[in-house]
Amino acid sequence: MQQDDRTHGLWERTAPPAPAAPALDGEKTADVAIVGAGYTGLSAALHLAGQGVDVIVLEAEEAGFGGSGRNVGLVNAGMWVRPRELPNVLGPVHGKRLLDLLGGGPAAVFELIERHGIACEATRAGTLHCGVGAAGAEELAGRAAEWQALGAPVDYLDADAAAEAIGSRVYSSALLDRRAGTIQPLAYARGLAHAAVAAGARLFCRSPVRSAHRTGSAWRLQTPQGAVTAARVIAATNAYTQACWPQLRTELVHLPYFNIATRPLSGNLARSILPGRPGCWDTKEILTSFRFDARNRLIVGSVGALRGTGRAIHRRWAAATLKRLFPQLGPVEFESEWFGMIGMTEDALPRFHRLDEGVFSFSGYNGRGIAPGTVFGQVLAQHLTGHLREEDLPLPLSDARPQRFRAVREGFYEYGAQVAHLTSRI
């Protein structure tokens, strides 16, 4: 995309094509206009169109261009906030609703994949949250107990069990979440786009919304070559927000995240690593993630941007990390690298906003966008069709508020990750 192989890397090379989607040209009308063709926008479009709602989706680039097409591909349940703490942050009503909704998020994703025949390398083998040292083991034991108290199918693995599941003795423990799994994230986004179009939604790409203003009881969204008039609008741009609703951008701190993929590993070597094919990440603050794709490419990622001095630093870190984790690999050859931005909120929880009369958004997924984006899109469809009242939504209505020292913190994350990776040891 954009003639840059570091935007989507391996995912762009291996994803099926997106549906044909011309740039918007001329005047259009719809019941609902959706700005942004990521998981939230495409899920909302699919579920709205399936109920007979006339929907137009406007995307500045291509379907899955933002975080939806660049992430690791872990389909996780819940958020970063621990299950026990969520009701304390959101209150008992919204806290329980969000736990229930996101606990079932992976199941919703895999059900959509099956129902619509989305070819996205879906593997429902769980995920492993890997513990670093005694502190990591203590954290994961606590998380496991909290999820188990809610009836979730999660298991705490001690050092021996973790080593067997990972194929490495580096970690002290692991939390196996059997609800979760992995996908090819750009392929999933494009599959949602195909499903939404098949259901009747109209998708226009290369159509950035330059302005939005009221015309009577409706909204008029202006693009370079056309405009859409709709009674209601969903702003689903999250960390990749551009001209309209800038408050969505300023309430998020950009956290850069990169992935680097090896060439396909041989059969015996591949079988010695992650034999059950879970997706993994660890408990370090500047975390490490790793997983396989369908052709036995091992993908390793962490915080950082592959630009400037960061490109060489993070490449060296990736090679050294794989060597420490899996010495049997020997020297590794990388064939793809890419990075993007995660939108981080102050409390690591997503937001529901009514940005104006008839304009709605969910955003701020904090690196957990696949399942939340999918189910929040469905929730928006239920809300806009009158099947779910505002007071019954899983998140309380809130105002978008800018984070303090946002630019400073973004620079710190990008360059601090370089320092950390220059000096890191697992």
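**Arg214 and the rest of the chain**

Biologist: Is Arg214 buried or exposed, or does Arg214 count as partly exposed?

Modeller: Buried means under 20% relative accessible area, exposed over 50%, and partly exposed in between (1.4 Å probe, protein chains only). Arg214 has 33% relative accessibility, so the residue counts as partly exposed.

Biologist: What kind of model is this, and how are residues numbered?

Modeller: This is a predicted model, in which local features need pLDDT of at least 70, side-chain atom pairs count only at pLDDT 80 or more, and totals for chains, interfaces and linings use all residues. Side-chain values use heavy atoms, with hydrogens and water left out, and residues are numbered along each chain as its sequence is written, from 1.

Biologist: Which residues does Arg214 touch, leaving out those up to four places away in sequence?

Modeller: Arg214 sits in strand S9, residues 211-215. Contact means heavy atoms within 4.5 Å. With neighbours up to four places away left out, Arg214 touches Trp219 and Glu357.

Biologist: How many helices and strands does the protein chain have?

Modeller: Helices (H or I, at least four residues) and strands (E, at least two) are DSSP runs, numbered from the N terminus. On that basis the secondary structure of the protein chain comes to 13 helices and 18 strands.

Biologist: Which residues does UniProt list for the domain "FAD dependent oxidoreductase"?

Modeller: UniProt positions are in the numbering used here, feature names are shortened, and annotations may be inferred rather than shown by experiment. The domain, which comes from an unreviewed entry, covers residues 31-382.

Biologist: What is the radius of gyration of the protein chain?

Modeller: The radius is taken over C-alpha atoms, and the globule rule is 2.2 Å times the number of residues to the power 0.38. For 426 residues, a compact globule would come near 22 Å; the protein chain agrees with this, at 21 Å.

Biologist: What share of the residues in the protein chain is buried?

Modeller: The C-alpha atoms fill a box of roughly 65 × 50 × 45 Å along the principal axes. Among contacts with a separation of 6 or more, 76% join residues 24 or more positions apart. Of the 426 residues, the buried share is 57%.

Biologist: Which residues does Val57 touch, not counting those up to four places away in sequence?

Modeller: Val57 is in strand S2, residues 55-58. At 2% relative accessibility, Val57 counts as buried. The C-alpha atoms of Val57 and Pro394 are separated by 24 Å. The residues touched by Val57 are Ile34, Gly36, Ala37, Ala45, Arg202, Leu203 and Phe204.

Biologist: What is the phi of Asn366?

Modeller: Asn366 lies in the loop between strand S18 (359-363) and helix H12 (370-384). Its relative accessible area of 2% makes Asn366 buried. Asn366 is a residue other than glycine, yet phi is positive, near 60°.

Biologist: What is the phi of Ala348?

Modeller: Ala348 is found in the loop between strand S16 (334-344) and strand S17 (351-356). With 18% relative accessibility, Ala348 counts as buried. Although Ala348 is not a glycine, its phi is positive, at about 65°.

Biologist: What distance separates the C-alpha atoms of Asp4 and Trp338?

Modeller: Asp4 is in the segment before helix H1 (9-14). Asp4 is partly exposed, with a relative accessible area of 30%. Asp4 and Trp338 are 334 residues apart along the chain, and their C-alpha atoms are separated by 9.2 Å.
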